[in-house]
Amino acid sequence: MNKGSVKMNKFVIIIMGMLIINLLSINKLLAQTYTLNTFEAPPYVENNKGLAIDIIKELFKKTHIKYQIKVMPQKRSITTAQKKLQTAVFPIQRSQEREVQFKWVGPILVTQTGLFSLAEDNLHIEVFKDAFAYEILVARGSAQEDYLKGFGLNVSTANYDYQNIKKLKAKRARLWTADTIIASYYANKTNIDIKKHITLITTLRALAFHVDTPDKVIVELNNALTQMYKDGSIRKILDKYSKKFNIEDAIKAAPVAAAAPVAAAAPAAAGEGKKEEKKDEAAAGKSEEAAMEGLSSLFG
Amino acid sequence: MNCLHKQSTFLKLFILCSFLFFTTHTFANNTVIKTWIDTEFQPSTLTKNQQLNEMLWFKKAAFPFIGMEIRVVSERIHTHWYEASVLAKAFREITGINIIHEITGEDDVIKKIDTHIKKDINLYDMYINDSDLIGTHFRSGKVVALSDFMKGVGKEVTLPTLDLKDFMGLSFGTGPDNKLYQLPDQQFANLYWYRADWFSRKDFKNKFRKIYGYELNVPVNWSAYEDIAEFFTFHIKEIDGKKVYGHMDYGKKDPSIGWRFSDAWLSMAGVGDMGLPNGLPVDEWGIRVQDCRPVGASVSRGGAANSPAAVYALSKFDKWLKKYAPPEALKMNFSQAGSVAAQGNIAQQIFWYTAFTTSMIQKGLPVVNKDGTPKWRMAPSPHGAYWEKGMKLGYQDAGSWTMLKSVPLKRRKAAWLYAQFVVSKTVSLKKTIVGLTPIRISDINSEDMTKLAPKLGGLVEFYRSKARLLWTPTGTNVPNYPLLSPAWWKTVPKVIEEGLSAKEAMDELALYLDNRLFELSKMNSQKCAPLLNKKRHPRYWLQQKGSPKPKLKNEKPKGITVEYKESLKIYE
């Protein structure tokens with residue numbers, strides 16, 4: 001055996017050793033069980049079922065990371081995930097204020113906040129500024145409450161949106177701001193006819209992990225989530241719920257499988273634009289992009 | 001025959017109805033346009049007739065898109081609030097295209113455009129996104145080159161009177177390939193802010209001269225800034241029975257502490273190389289490029305993110321925050337700190353965004369005189385010990401219209417019409433007066449802005465001077481802004497909160513940047529992808545000409561101050 005082949009053998013052994021250590025550490029991470037806190041937010045989460053839960057289950061199925069879901073009040077579900085290792089919370093709205101408090105996997109849902117009144121009300125709201133003269137109902141502790149207060153608006157809070165729609169019906173205020181899908185759900189449930197005037201803001205709802213969660217877990221989950229968007233899995237889950245609830249706003253944003261773009265009327269799936277500039281899009285590096293995706297959401 | 005007669009009558013009736021509909025509609029629509037011109041779009045650099053013609057062009061070009069609902073998003077500043085509340089409404093009435101213009105935090109805008117690109121989720125039809133991302137956009141292959149769009153598929157929806165040469169910040173949105181990727185919608189700089197009334201008090205001037213040996217005036221270098229900070233915090237202490245401070249800043253761990261650094265703090269210290277807009281080959285983030293490829297941020301790879309100048313920049317930030325600012329500033333973020341100077345107990349602020357001008361000139365504020373003129377002024381920022389003439393001196397950015405390829409063409413065209421509408425000459429001067437974030441040379445040089453200048457604390461003077469050319473956004477050395485920018489907020493607070501030394505923090509930052517550049521280097525297919533230099537002993541790079549620069553023997557030279565008027569001229 002010459003010196004060259006001895007060196008080569010040593011090199012191979014070192015590389016193999018590193019690979020094994022790496023695999024072991026990944027396996028160790030994957031073997032841990034993560035507690036995923038959630039809270040009642042129908043139709044996203046309702047009696048331990050719902051749209052968000054289905055997305056989370058599919059996501060973890062793809063990654064083989066062990067998990068358990070726990071339902072608790074919203075505030076506790078968030079604070080526990082901030083304090084306790086191997087814990088996460090979903091589906092919370094990602095915001096600048098929360099950014100440094102978690103490591104993020106998302107968006108698991110793209111949702112919108114709308115401004116509603118009773119359908120019978122002849123209120124005329126064209127732009128957000130038109131609403132400034134009115135008191136606005138909003139759920140306490142929600143991202144919407146922060147948003148409205150940030151503009152110095154006069155808000156009236158209730159613990160749940162279910163109470164807000166009742167207050168709207170009782171004409172205790174003329175406007176209510178809520179997630180458009182949740183609003184639609186409660187309108188159906190309470191049989192109250194409401195009207196959406198404007199969309200205020202689009203929000204990215206995410207799965208937020210304790211800040212000391214290993215980066216590999218976050219990267220793995222984000223890569224799997226990206227794949228779910230691109231292969232149409234997310235859209236499929238949304239479609240399933242669209243038969244039961246008015247979730248058009250969430251569906252608009254979620255693409256069907258990238259290979260079969262839809263021509264949407266709203267800023268929906270990749271369509272015309274994709275076709276037009278497909279030469280640019282076709283540039284190599286898709287798989288590299290996928291690898292980067294996890295990193296980007298981890299560090300970004 | 002009878003049937004034919006009936007058909008002919010029907011046809012005539014149809015033509016008549018159509019004629020009546022279109023003339024009535026046109027008349028009504030022209031009345032709407034004239035009403036907007038008369039009641040809202042004044043003043044303008046255009047005559048009313050020119051405004052009418054421009055608006056009629058929009059009306060005609062928008063015809064195929066009538067009834068569409070277009071969604072755009074921008075950060076939350078006065079200018080965008082005006083667009084979302086007033087201009088979006090006007091656009092709908094004039095064109096029939098409904099606009100949802102969402103307002104949110106800048107960090108959220110970046111998250112959304114990043115999500116849109118990475119996950120192919122079409123969240124918006126266009127974004128008003130900081131031109132800080134130009135390095136990301138021109139490399140990504142996902143962003144439409146507007147210069148191509150305007151000549152190609154978007155030609156028929158491109159405003160003939162757009163007048164690109166009139167935009168001050170057009171270079172900010174232009175890639176190294178000379179293509180325009182981002183069209184400025186608003187722009188603001190980060191300048192030095194000070195209480196001109198206090199600085200002109202004879203008793204203060206005499207006292208300052210006695211202690212420091214030179215005049216209390218606009219500081220040209222950081223030494224003078226530091227002296228003035230100490231002077232007000234420790235020597236003046238109180239004015240009219242109220243505690244005053246010689247410095248204001250913020251230190252809370254939050255994405256906004258990152259902007260405090262990535263918005264060119266290191267350029268002010270003198271970290272980068274000579275040359276505009278960002279310094280070549282090393283920019284103000286401390287990233288070195290070879291041709292257009294980033295090769296490293298750490299000194300050992302030829303970068304300057306942990307160079308002596310960078311450590312000096314962080315040390316000064318930390319020292320001034322803890323020693324001269326109000327104690328509560330340590331726990332504040334960007335938004336919380338933004339309103340403090342307006343409360344009247346801050347003498348100067350080295351890092352102040354001109355986007356806050358509107359909120360600083362409101363009548364009744366302690367920093368505004370009874371006649372509506374401000375007690376304060378803005379001036380060019382002082383520079384650090386490592387800065388040399390010919391280098392970038394501060395941050396200026398343009399929130400710019402950005403179009404993604406994945407959005408369907410019809411929607412892109414409709415959104416492009418709105419984008420051009422809110423920067424058109426018909427509305428831009430009025431928008432400038434409302435939001436004070438000028439984008440057009442014609443607006444800033446207008447008679448109306450001359451009249452307004454005394455109430456704006458030096459904004460007009462700065463934008464009319466050549467000094468503004470030294471204030472630029474993040475440049476193209478930064479290949480992926482969303483990926484790299486968290487480096488700042490993840491490391492800087494460790495100095496403030498965890499007692500890490502400035503050197504340790506900048507070493508960590510440089511390593512973070514190098515690691516991310518290494519990951520990006522795997523994307524060889526991307527144009528101008530990073531390719532890291534091999535590590536060398538830092539001494540090698542510190543001995544080369546330019547950045548990274550070796551440690552200065554004296555990082556606090558004598559303080560230099562100048563009269564306000566001189567402060568603008570010295571950079572010409």
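Predicted model: local features only at pLDDT ≥ 70, side-chain atom pairs only at ≥ 80, totals over all residues.
User: How many helices and strands does the secondary structure of chain A come to?
Analyst: Chain A has 300 residues, and buried residues make up 44% of them. Its secondary structure comes to twelve helices and eight strands.

User: In what order do the eight strands of the open sheet in chain A stand?
Analyst: The pairing in this open sheet is mixed. The eight strands of chain A follow the order E2-E1-E3-E8-E4-E7-E5-E6.

User: Which strands of chain A stand at the edges, each with a single partner strand?
Analyst: In chain A the order of the open sheet begins with E2 and ends with E6. Each of these two has a single partner strand, so one side of each is left without a neighbour in the sheet. From one strand to the next the twist averages 25°. The edge strands are E2 (66-71) and E6 (155-158) of chain A.

User: Which residue in E7(A) does A:Phe116 stand opposite?
Analyst: Strand E4 (residues 102-118) and strand E7 (residues 175-179) of chain A run antiparallel and are joined by four bridges. The residue in E7(A) opposite A:Phe116 is A:Trp176.

User: At about what angle does H7(A) run to E4(A)?
Analyst: Helix H7 of chain A spans residues 215-230. H7(A) lies across E4 and strand E8 (194-210) of chain A. Its angle to E4(A) is about 50°.

User: How many of the 16 residues of H7(A) are buried?
Analyst: A residue counts as buried if 20 or more other C-beta atoms lie within 10 Å of its own. H7(A) is largely enclosed by the rest of the structure, because its buried residues number 13 of the 16.

User: What distance does helix H4 of chain B reach from its first C-alpha to its last?
Analyst: H4(B) covers residues 106-119, 14 residues in total. The helix is mostly covered, with 14 of its 14 residues buried. At 1.5 Å a residue the expected span is 20 Å, and the reach is close to this, at 20 Å.

User: Which residue follows H4(B), with a positive phi?
Analyst: The phi of this residue is near 55°. The residue is B:Asp120.

User: Is B:Leu87 buried or exposed?
Analyst: B:Leu87 has its place in helix H3 (residues 78-95) of chain B. The cut-off for a buried residue is 20 or more other C-beta atoms within 10 Å. B:Leu87 has 26 of them within 10 Å, so B:Leu87 is buried.

User: How far apart in space are B:Leu87 and B:Phe421, C-alpha to C-alpha?
Analyst: B:Leu87 touches several residues, among them B:Phe421 and B:Val422. In sequence, B:Leu87 and B:Phe421 are 334 residues apart. In space, C-alpha to C-alpha, they are 8.3 Å apart.

Terms used. Residues numbered from 1 in each chain as written. Chains lettered and ligands numbered in written order. Expected span 1.5 Å × (residues − 1). Buried ≥ 20, exposed ≤ 12 C-beta atoms within 10 Å, placed from the backbone. Pairing = 2+ DSSP bridges. Axes fitted to C-alpha atoms, helices over the stretch in contact; angles between N-to-C directions. Contact = placed C-beta atoms within 7 Å. Lists of a residue's contacts leave out its neighbours within four places in sequence.
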